Structure formats: C-alpha cells, structure tokens
Amino acid sequence: MVAMELTAMSKTHPIKYKSGGVLAAAKTIIEEEIATKLDISTISFCCIADFGCSTGNNSFPAMHTIIEAVKRKYESSDLKTPDFYVWFNDVVSNDFNTLFRSLPLDRSYKVAAVAGDFHSHLLPPSSIHFAYSSWALQWLTEVPKPAVGLHSPAWKGGKRLYGVKREEVYEAYLGQFERDLEAFLKCRAVEMVKGGIMALLIPALPAYWDPQTEFTVASVIELLRSSLVDMAKEGKLSETKLDAFNFPYYIPTPEEVWAILQKSNSFSIERMEILKSGTLLTVDGHVACFRAVHQNMLTHEFGAETIDESFDMLKKKLQTSPVYANPSNDKTLVVVAILKLNNV
Ligand SMILES: C[S@@+](CC[C@H](N)C(=O)[O-])C[C@H]1O[C@@H](n2cnc3c(N)ncnc32)[C@H](O)[C@@H]1O
C-alpha cells in the first residue's frame with residue numbers, strides 16, 4: 001500500500017522510495033548531492049550547522065559524512081581544501097556539556113554551540129554552506145489551540161480520526177507544523193549562502209497502516225498517552241493537568257512535507273526520498289528511546305514521581321501487544337529532503 005502510493009507520487013515529482021538502513025541510505029544521498037550540487041569554487045572556509053543536534057551521538061557521524069564528502073570534492077579539484085566549522089544548535093536547556101565532552105578527538109573541524117530555537121534567526125547572514133537537521137522538525141513551537149483539552153493529536157494514519165473535533169485537531173496540528181517549518185526555512189534562507197545545500201531528515205507516517213499487524217511511532221505515542229490516562233484514572237497524576245496536556249509534535253506524511261517544501265520561494269527541492277525508518281527497536285528499545293525524549297517534558301508536566309510508573313506501563317502495553325514483538329512491523333518512515341538555496 002505504502003510503496004504503491006509513493007511510486008505513484010514519484011511520477012509527478014522527484015520522490016523515490018528506498019528500502020534498507022536509513023542512515024546508510026541518507027549518507028549515500030548526502031554524499032551524492034554534495035558531489036553533484038555543492039558549488040565549491042567560491043568557498044574559502046566551510047560552515048556546517050546541525051539544527052537540533054541533541055548531545056551529538058547521531059550528529060557527529062553526520063557531520064563527518066558531510067565534511068568528508070566536501071573534502072573529496074576539493075581533492076578532485078585544484079582548489080585548496082577549506083577549514084571546516086560546525087555549529088551545533090539545540091534548545092538552551094540542551095546538555096551541550098555532554099556534547100562537548102564527547103566530541104570525536106580526531107575531528108577535522110572547529111566547533112561552536114548555538115543555543116536557541118531554530119525557528120528564529122541564530123547565525124549571521126550568508127554564513128552556512130551546509131545546513132542539516134535530523135529528527136527535530138517534528139517538534140512544534142506550541143500545541144495548537146483546538147487540541148488543548150482533547151489530549152489526542154488525532155493521528156491520521158490508523159483509525160484515530162473520527163468526528164468533527166478530531167478532524168479539527170488534525171488540521172490544527174498540520175497547520176502548526178506548516179507554520180513552523182516555513183519559519184525554519186525563512187530563517188535558514190537568510191543564514192545560508194546562495195547555492196548552499198540543506199539536508200532534512202523528518203520522521204513521517206505512511207498514509208495507512210494496519211494496527212492489527214503493524215505499528216508506527218504514532219502508535220507508540222498513543223500507548224504512552226494511554227499510560228498517562230490510566231495513571232490519571234488511578235489518581236496517580238492530575239487529571240486536570242492531563243486534560244490540558246498534549247504532545248507538542250506532529251509526525252507528517254511525506255506528501256504533507258512535500259506540499260510545504262515546494263511552496264518555498266527561497267529553496268528548490270533537489271531531491272526527496274522516503275525511507276523506512278528501520279530503527280528495529282525491541283520493546284525495551286522503544287521504552288528507552290521514548291523515555292529519553294519525553295522524560296523532561298513529562299517530569300515538568302506531572303512530576304518526577306510519575307515517570308518510572310508511566311514508562312513501566314508503556315512497557316507492559318508494548319509487551320501485551322504481539323505487534324511490537326517484531327521490529328520489522330514498524331512502518332514509520334523518514335523523509336530525506338535535499339534543498340538548495342536559490343541564487344536570486
Ligand atoms: C529526537 S532529537 C534528535 C537528535 C539528533 N538530531 C538525531 O538525529 O538523533 C530532537 C532534538 O531537536 C531539538 N529541538 C526540538 N525543537 C527545537 C527547536 N525549536 N530549536 C532547537 N532545537 C530543537 C530537541 O531539543 C532535541 O535535542
């Protein structure tokens with residue numbers, strides 16, 4: 001079903017479907033695009049920025065891939081290889097100390113941290129040659145108003161959409177995602193050099209998956225939400241607070257990402273590929289991953305004393321459903337979009 005839809009899409013625009021490891025596939029895409037699209041003739045130094053780098057685990061290999069690809073391009077030319085600078089961006093509360101402590105010792109670049117919201121201007125005009133962002137743009141600047149009090153993001157995949165309210169919530173989330181992504185692109189359009197390249201890796205949902213036999217990241221989010229609801233019913237966390245709480249992110253479909261990106265006047269879509277997320281997480285892996293991402297937010301909302309039990313409940317729910325026993329039932333997608341800043 002998914003493969004068919006995506007194949008059909010690729011007839012009208014350059015979206016391709018690829019199976020296999022997402023990181024290896026994204027690496028190949030980035031290397032090919034740097035080799036063919038990045039103009040190095042005018043570069044005397046090369047600045048790369050990672051927006052939403054977290055503590056660096058996944059960022060360091062990505063920065064290495066980008067820099068090695070640019071270096072190869074210089075080595076096959078008569079030009080002198082430039083010095084490389086990497087700006088690591090994340091929110092002000094990010095643990096940049098851990099990032100700096102774990103920087104690869106053999107790196108060939110200078111580094112700086114840029115703390116702040118990537119929906120605002122963060123770097124000097126015309127300073128970035130390559131912008132990168134992975135698994136970060138799904139975070140919203142705010143929960144859209146119609147969702148407040150409904151504590152369900154009304155996922156479109158699966159069977160979550162029913163009734164006017166749900167449709168309204170879905171539209172509100174999509175609208176917020178669109179405004180935020182547009183704000184991100186507007187800021188990068190100022191900060192990037194003309195002809196600069198941007199690689200965006202955005203988690204995405206297929207238009208349909210069968211909840212009886214398959215799951216996505218949205219299904220795991222639903223289970224976490226239902227764990228919180230169970231806790232509230234048992235009086236272990238505040239029902240009032242839960243009513244006012246919603247997850248501040250939106251997982252789009254590839255088609256939604258395409259529709260937003262292609263509206264940009266500043267960037268052209270050079271390439272867009274849809275990969276199977278391929279995280280192959282076990283139940284324990286899902287719990288660890290979700291805990292790492294949500295612990296601070298849920299501690300802030302409901303108190304530190306609720307955290308262990310919330311994630312124990314999530315684990316039980318995942319273990320109870322046979323769907324999660326097989327990691328290959330995960331139908332989550334990752335959109336890899338390569339954009340180029342127009343010269344005009
Ligand atoms: C799931 S982590 C992804 C980390 C890493 N890029 C990766 O691929 O593994 C998302 C990161 O994006 C950051 N983030 C979310 N919204 C952000 C914003 N508005 N500005 C800067 N960073 C943001 C979060 O703080 C978090 O560290």
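**A walk through the strands and the ligand site**

Strand β2 (residues 45-51) and strand β3 run parallel, joined by seven bridges. Two strands count as paired if DSSP finds at least two bridges between them. This is a predicted model, in which local features need pLDDT of at least 70, side-chain atom pairs count only at pLDDT 80 or more, and totals for chains, interfaces and linings use all residues. Residues are numbered from 1 along each chain as its sequence is written, and side-chain values use heavy atoms, with hydrogens and water left out. The strands (E, at least two residues) and helices (H or I, at least four) are DSSP runs, numbered from the N terminus.

Start with one bridge. Cys-46 has Phe-84 in β3 as its bridge partner. How does the chain get from β2 to β3? It crosses through helix α3 (residues 59-75), and this β-α-β crossover is right-handed. To check the hand, point the strands away from you: the path from the first strand over the helix to the second runs clockwise in a right-handed crossover.

Now look at the other neighbour of β3. Six bridges link β3 to strand β4 (residues 110-115), and these two strands also run parallel. Val-86 stands opposite Val-111 in β4. The chain passes from β3 through helix α4 (residues 96-101) to β4, in a right-handed β-α-β crossover. Tyr-85 faces Lys-110 in β4.

Why is β3 described as largely enclosed by the rest of the structure? Six of the eight residues of this strand (residues 83-90) are buried, so the rest of the structure largely encloses it. Buried means under 20% relative accessible area, exposed means over 50%, and partly exposed lies in between (1.4 Å probe, protein chains only).

Next, find two loop residues. Ser-54 is in the loop between β2 and α3. Its phi is near 55 degrees, a positive value in a residue other than glycine. Is Ser-54 buried or partly exposed? Ser-54 is partly exposed, because its relative accessible area is 38%. Ser-126 sits in the loop between β4 and β5 (128-134). Ser-126 is not a glycine, yet its phi is positive, about 50 degrees. At 51% relative accessibility, Ser-126 counts as exposed.

Leu-261 makes a contrast. This residue belongs to helix α8 (residues 254-261). Leu-261 counts as buried because its relative accessibility is 1%. Leu-261 and Leu-339 are 78 residues apart along the chain, but their C-alpha atoms are separated by 8.7 Å.

Finally, turn to the ligand. Which residues come nearest to the ligand? Of the 14 residues around it, they are Gly-52, Asn-58, Asp-90, Asp-117 and Ser-134. A residue is near a molecule if one of its heavy atoms lies within 4 Å of it. By class, this shell has five nonpolar, seven polar and two charged residues. Here Ala, Val, Leu, Ile, Met, Phe, Trp, Tyr, Cys and Pro count as nonpolar, Asp, Glu, Lys and Arg as charged, and the others, Gly among them, as polar.

Look at single atoms. A ligand oxygen is 2.7 Å from an N or O atom in the side chain of Ser-134. Taken alone, the ligand exposes 600 Å², and the protein buries 82% of that. These areas come from the Shrake-Rupley method with a 1.4 Å probe.

Key: Polar contact = N/O pair within 3.5 Å; in protein donor to acceptor, adjacent residues only side chain to side chain.
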